[in-house]
Amino acid sequence: MTPGTDSHPSAQACFERGQLLRRQQRHEDAARMFQQALQVDPNHAPSYAMLAFCWMREDGRKMQAVEAARRAVALEPEDAFMRGVLALAIASSAKEGQDSVLQQARLVATEAVQLDADSDFAYTVEAQIYLRLHKYPEAEASARRALAIDTENTTATEVLSAALLMQHKDEDNEHLVRYQLENNPEDDSSHTSAGWRSLMKGEHREANKHFLEALRLNPMNEGARLGLVESYRARSWVYAGFIRVCHAMNRFSPGTRQAIFIGGFIGYQTLYHSLARTAPLLASVLVALWLTLALWSHLVRGFSSFFMLFDKFARLSLRPLEKAEGLVVGGSTLVALLALFTSLILPGLWQSAALALFFSALVSAAAFTNDHHVGKQVYAIAAGAAGVGALLAVLGAFVPGMVLVGTLGFSLAVLIGVAVSWLRNLNVLYA
């Protein structure tokens with residue numbers, strides 16, 4: 001049997017079939033075809049590149065994707081596309097907080113651009129990496145260069161829209177989103193961009209429609225799924241306001257945001273000590289307002305997810321971890337509110353139990369939302385310890401003989417809660 005027959009297909013035939021499967025979103029089947037192509041021809045660089053694309057989508061194979069991409073570059077060292085794939089694979093392997101890995105990916109992407117200044121793919125990859133590094137002006141510049149080469153590059157358009165959104169260039173983003181919808185109404189990225197724009201404007205119903213349409217066009221669009229979840233949460237005016245505040249804060253650099261947080265705390269402390277001498281009642285009100293703001297800013301997401309669990313449509317958009325977040329954070333917050341109301345009726349340590357539960361929920365919220373490659377384990381341990389403290393505080397309020405244990409549990413939960421609230425706001429082991 002000669003090469004090229006059905007029994008012994010050529011490397012190119014396997015590659016082309018793999019490409020067809022990849023376009024159909026059948027990435028595992030496509031990967032097998034690219035591997036088959038490499039069995040026929042171990043030096044078939046395009047198959048290594050496409051194999052890397054497929055493996056990037058699998059959490060357990062991201063490093064294999066990097067190795068496949070390196071092999072493609074070794075075979076075609078002057079090919080900008082191969083080097084762009086390598087940059088994308090390295091960036092894909094970077095966990096949150098591993099900015100050094102992203103910087104390495106950026107350098108490789110820049111090499112791809114230098115190899116071929118007419119490669120819109122190379123500029124697009126560079127833009128994607130800049131976006132993950134929170135370098136929004138640079139991401140905008142690279143995305144615009146990609147679109148100058150190919151105006152139909154939908155990935156570059158989506159990156160440009162995100163970069164404009166994060167820089168609060170609302171008018172430019174509005175024009176871009178309208179252009180996308182008019183010229184690419186059947187492209188899922190067009191609706192994803194439109195959905196995020198609507199969400200930041202407080203139009204959660206309009207955002208919901210765009211995210212649903214994006215997922216209809218491409219059920220694998222994770223950006224659209226995340227946006228859909230946010231649009232459901234934003235049905236609460238409290239959470240919608242929280243989104244807008246976060247978006248407003250994104251115009252500042254991480255260092256500036258930290259300075260604002262520290263400055264606000266210093267201002268609160270100064271005002272409190274001033275009122276404590278002249279108007280004790282107002283000082284107490286100020287403490288209550290500060291605690292409400294501090295706790296709610298951490299708990300509002302999990303609390304909103306809790307109520308999504310009772311919506312037969314909204315809960316379908318939640319991943320198992322997001323459902324757990326709703327149960328743990330939202331459930332703890334509701335029990336804390338119940339304990340707070342109980343303290344107004346029954347004697348005991350119910351007020352302490354409520355505060356311990358609030359801080360325990362705060363630590364759990366930080367653990368669920370933390371993607372830092374090291375910090376997520378540290379925050380999870382802290383959440384467990386704070387949860388034990390809150391449980392002991394509840395027992396102390398409920399069982400008369402456990403008052404001392406309850407007091408110790410209260411101290412543990414509050415101490416960990418205060419520490420985590422500072423660490424989270426200062427982005428220490430948190431991403």
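**Entry 1: a charge over a ring**

Which residue lies over the face of F53? I looked this up in what is a predicted model, and I found that R22 lies there, at 5.2 Å from the ring centre.

**Entry 2: helix α7**

I turned next to helix α7, which runs through residues 120-132 and has 13 residues. From its first C-alpha to its last I read a reach of 19 Å, which is close to the 18 Å expected at 1.5 Å a residue. How many of the residues of α7 are buried? I noted 10 of the 13, so α7 is largely enclosed by the rest of the structure. The buried residues are D120, F121, A122, Y123, T124, V125, E126, A127, I129 and Y130. I then asked what covers these buried residues, and I wrote down that the cover includes α3 (45-56), α5 (80-93), α6 (99-115), α8 (136-149) and α9 (154-166). Just after α7 I came upon H134, which takes a positive phi of about 65°.

I looked up D187 and found it in the loop between α10 (170-183) and α11 (188-200). Does D187 count as buried or exposed? D187 is buried, yet I found no salt bridge for it, and the nearest side chain of opposite charge, that of R216, is 11 Å away. Since a salt bridge needs a side-chain nitrogen within 4 Å of a carboxyl oxygen, I kept that distance in my notes beside the cut-off. Leaving aside the neighbours of D187 within four places in sequence, I recorded contacts with T154 and L217.

**Entry 3: R216 and its partner**

Which residue forms a salt bridge with R216? The partner is E213, and the closest N and O atoms of the two are 2.6 Å apart. R216 and E213 are 3 residues apart in helix α12 (residues 204-217), and are therefore separated by about one helical turn. In general, an α-helix has 3.6 residues a turn, so residues three or four places apart point the same way. I also checked accessibility: R216 is exposed, with a relative accessible area of 53%, while E213 counts as partly exposed at 22%.

**Entry 4: other salt bridges**

The count of salt bridges that I wrote down for the model is 17. One of the pairs I looked at joins the side chains of R32 and D29, at 2.2 Å from N to O. Both R32 and D29 lie in helix α2, 3 residues apart, which is about one turn of the helix. R32 counts as partly exposed at 47% relative accessibility, and D29 counts as partly exposed at 24%. I also compared the place of R32 with that of F359, and found the two 327 residues apart in sequence and 49 Å apart in space, C-alpha to C-alpha.

What does the side chain of K169 meet in a salt bridge? I found the side chain of E140 there, at 2.9 Å from N to O. K169 lies in the loop between α9 and α10 and E140 lies in helix α8, so the pair ties together parts that are 29 residues apart in sequence. K169 counts as partly exposed at 31% relative accessibility, whereas E140 counts as buried at 9%.

**Entry 5: aromatic pairs**

For aromatic pairs I wrote down a count of 13. I looked at the rings of F265 and W290, whose centres are 6.0 Å apart and whose planes stand at 55°, so the pair is tilted. This pair links distant parts of the chain, with F265 in helix α15 (residues 254-278) and W290 in helix α16 (residues 280-308), 25 residues apart. F265 is partly exposed, with a relative accessible area of 24%, and W290 is partly exposed with 24% as well.

Then I turned to W296 and F303, whose ring centres are 5.2 Å apart and whose planes are at 65°, so the pair is edge-to-face. The cut-off that settles this label is that planes over 60 degrees apart count as edge-to-face. W296 is partly exposed, with a relative accessible area of 29%, whereas F303 counts as buried at 13% relative accessibility. Which residues form one aromatic cluster with W296 and F303? I noted F306, F307 and F310.

Technical notes:
Residues numbered from 1 in each chain as written. Predicted model: local features only at pLDDT ≥ 70, side-chain atom pairs only at ≥ 80, totals over all residues. Heavy atoms only, no water. Helix = DSSP H or I, 4+ residues; strand = E, 2+ residues; numbered from the N terminus. Buried < 20%, exposed > 50% of the residue type's maximum accessible area, 1.4 Å probe, protein only. Lys, Arg positive; Asp, Glu negative; His and termini not counted. Contact = heavy atoms within 4.5 Å. Expected span 1.5 Å × (residues − 1). Phe/Tyr/Trp six-rings, centres within 6.5 Å; stacked < 30°, edge-to-face > 60°. Lys NZ or Arg CZ within 6 Å of the ring centre and 35° of its normal.
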